[in-house]
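This report is meant for someone meeting the structure for the first time.

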Amino acid sequence: MKFFKIFSIAAALFMAGCGVKASEPGVAVVSPQEFQTKLAEDQDAYLLDVRKPAEFASGHLQGANLLDWLDTDKFKLDSKSIDKSKTIYIYCRSGRRSNAAATFLSREGYKVVDMDGGILAWEKAGLPVTKQ
């Protein structure tokens, strides 16, 4: 009986932790609304979409730069050209790729703001996208 109680508590703690997105110390994970506010206030922001080109073409944030996280070698090479004095505001479709890319960039010395929930959450919040 004691084992069952301990197991139940451990399982509950594990399941509660599964919903929490872990991030690096240099990565802030924020809601789409906070992302929009921070981006608008930062004159030196670098907006980065890490989805595939076809996803980007279907709709993206105005002014976003595309760098496909899944094209690993190109991402690692091209990301070196981003000015480290700028904060990178990063997003993807649902937040998974952008969090992985944000973690990588943070470890490379960049300051990164990751949008929680990606462009899906952005659109759900009624925020604008462009196809240009």
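Leaving aside its neighbours within four places in sequence, which residues is Leu48 in contact with? In this predicted model, and with those neighbours set aside, Leu48 is in contact with Asn65, Leu66, Leu67, Phe75, Ile82, Ile88, Tyr89, Ile90, Tyr91 and Leu105.

Leu48 also belongs to the largest nonpolar core, a set of 16 residues in which Leu48, Val50, Phe75, Ile88, Ile90, Leu105 and Val112 have the most contacts. Two elements, strand 4 (87–91) and helix 5 (96–107), each give two or more residues to this core, and helix 5 gives the most, with four residues. In soluble globular proteins, nonpolar side chains tend to be buried together.

Helix 5 is also the place of Thr103, whose side chain reaches the backbone oxygen of Asn99 at 2.9 Å. Is Thr103 buried or exposed? Thr103 counts as buried because its relative accessible area is 14%, which is under the 20% cut-off. Lys76, by contrast, lies in helix 4 (residues 72–79) and counts as partly exposed, with a relative accessibility of 37%.

Each of these two residues can be paired with a residue elsewhere in the chain, as the table sets out.

| Residue pair | Separation in sequence | C-alpha to C-alpha separation |
|---|---|---|
| Thr103 and Gly26 | 77 residues | 8.1 Å |
| Lys76 and Glu108 | 32 residues | 9.8 Å |

Conventions:
Residues numbered from 1 in each chain as written. Predicted model: local features only at pLDDT ≥ 70, side-chain atom pairs only at ≥ 80, totals over all residues. Heavy atoms only, no water. Core = buried A, V, L, I, M, F, W, Y, C linked by side-chain atoms within 4.5 Å. Buried < 20%, exposed > 50% of the residue type's maximum accessible area, 1.4 Å probe, protein only. Contact = heavy atoms within 4.5 Å. Polar contact = N/O pair within 3.5 Å; in protein donor to acceptor, adjacent residues only side chain to side chain.
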